[in-house]
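Subject: Structure handover

Hello,

Here is the structure I promised to pass on. Please open it first, then read my notes below.

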Amino acid sequence: MESTRFILILSLALVSMMLWQAWEQDYGTAPRPAQPVGAHQDSAAVAPSADLPSLSSAELDPAAPVLPLEEKPEERARPISVQTDVFAIEINPKGAGIERAALLKYPIDPERPQEPFVLMERSPELFYITQGGLLSTRPAPTHEQLFSAAQPAYVLAPGQDVLEVPLHWESADGLTVTKTFTFRRGEYLVNISYQIENRTGEAWSGRSYQQIKRNDPGRAGRMLIYTYTGAVISSPENRYEKIDFDDMREQKLEQDISNGWAAMIQHYFVTALVPSDETLPYKYYTMSLPDNRFAIGAIGPALAVAAGESGLISEQLYLGPKIHKRLAGIADGLDLTVDFGVLWFIAYPLFLVLDWLHGLVGNWGWAIILVTLLLKLVFYPLSAAGYRSMANMRRVQPRIMSIRERYKNDKPRLNQAMMEIYKEEKINPLGGCFPILVQIPVFIALYWVLLESVELRQADFILWLNDLSSPDPYFVLPIIMGATMLVQQRLNPAPMDPIQEKVLMIMPFAFTIFFAFFPSGLVLYWVANNILSIAQQWQITRSLEHAGAAAQSKK
């Protein structure tokens, strides 16, 4: 019964954790923004549209006169296509922003490897784009101005390691801006630079900005296993702070941060705005826009370009999978977007062990089984103590049943008689609880490791299990798990309460249905854990029975 109790307690903990996380998403306290710089916008603020970040003229250039931005009609230019070994990207000439990004190394379905996963897209179902430009009191290209390119398509050729995509804009008075996207082979980090040539005859000053815009996808189809989708901001004081879409609706964020970053995250993937110079302060902001759309962005420090001179601004944009090693080398705390939850300090070492085992065996399924075996070895003394307590309870169960029948109408005498048996046999009836409670945080942490690691997405195991991140298509693993629960019940003492006995008989079937919708990698872990538990429990019970038989024969 201790194994069944373990499953019940662990399941209750998982469900409670999911409910708590869902409550936090819906009703959690919104982050408290710092007092914004220039919060009271004056008539000189440059804000021609709702989705353009605003700064007062004093923040842009206090010495320059205020000029209106050039109004452009709605333009529908043909997108500029970019193909690398990892990306298929479309850049809209209007604003030179990325409006479609497909990840070539991550297909939608392992059965259709030629169809890549589309991370970003401008469509009725998914509105998810990046934008950027320059803010100034003088003419400057925002994401509303039209850029030009020398060619309609750019391809990273075999043997080529770097691909540059330059786009050009020029004002009527002689300011020339070249916005260049730099892609590198095998990399998901994109460098974005603005080369500014000032031929206006007057000094120019401005600031760059980047922003990520997307719609709220809701939680349809994600209720059973919910993973966070929304914005994240990082600062030295708080390396990983979630700002969900409801927070953005309620209150705008405007905060000056040095050594920070901002991102939109979802299950397995992240889009992050990373400053090229972490020592300089950036102004981070959020916006709630019409049509269920939201934005998070960053405005860089001011750059002054004298007449006849040039200046350069560089930014970075990460578009891709949440791979620990890659993210940790890009910015402090960016690897925290692999969200292992509140038990990350346990989960991260488990992930390192799992990754190391995968390096040895080359298969994530076998790595899951091996990490389960290692955990069983680590917790063997605790588990053994629990199983011994259970075996001893099973040994004295006939005597317990006898006194329960004898004192069924005298509860105080019944409890006294049971305690006398426990004292005589040196049994602690709660001896199996503490080992279970100690192990629960570890198993919950491993649950999040298996759920959050993009490495397990579409990872092949054996036979029909070609995607450990998806449910078993033939329900074989859930059925095996239910069968192992039945075996565990046979090894446990029979419940004394008839109602409890019926409930326990239903449990394996209920859990089989429940786990049928879980990713097969998680179910594989449960199956491996149950089989190892059965073997350990059988071995301990058998040794105690032999020891008891030997003691009886000596008498």
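A crossing of two helices is left-handed if the near helix is turned anticlockwise from the far one by less than a right angle, and right-handed if clockwise. Helices (H or I, at least four residues) and strands (E, at least two) are DSSP runs, numbered from the N terminus.

Some ground rules. This is a predicted model, where local features need pLDDT of at least 70, side-chain atom pairs count only at pLDDT 80 or more, and totals for chains, interfaces and linings use all residues. Residues are numbered from 1 along each chain as its sequence is written, and side-chain values use heavy atoms, with hydrogens and water left out.

**Confidence**
The average pLDDT (the predictor's confidence in each residue, from 0 to 100) is 80 for the protein. At least 70 is reached by 75% of the residues. Residues 19–48 fall below 50, with 56 contacts (heavy atoms within 4.5 Å) beyond near neighbours in sequence. Residues 62–75 also stay under 50. Where pLDDT is low, the predicted coordinates should not be read in detail.

**Helix pair**
The axes (lines fitted to C-alpha atoms, for helices over the stretch in contact, with angles from 0 to 180 degrees between N-to-C directions) of α5 (344–361) and α6 (364–378) come within 8 Å and cross at roughly 125°. That makes α5 oblique to α6. Angles under 35 degrees count as roughly parallel, over 145 as roughly antiparallel, 65 to 115 as roughly perpendicular and the rest as oblique. The crossing of α5 past α6 is right-handed. Contact residues include Leu350 and His358 of α5, and Trp364 and Leu375 of α6.

**Sheet**
There is an open sheet of 9 strands, in the order β6-β8-β9-β10-β20-β16-β15-β12-β13, with antiparallel pairing. Two strands pair if DSSP finds at least two bridges between them. β6 (148–149) and β13 (241–243) are the edge strands. Inside the sheet order, β12 (230–234) and β15 (261–266) pair antiparallel over 5 bridges. Ser234 sits opposite Trp261 of β15.

**Positive phi**
Asn259, not a glycine, has a phi of about 55°. Asn259 lies in the loop between β14 (254–258) and β15. Phe475 has a positive phi near 60°, in the loop between α10 (433–452) and α11 (476–491).

Best wishes
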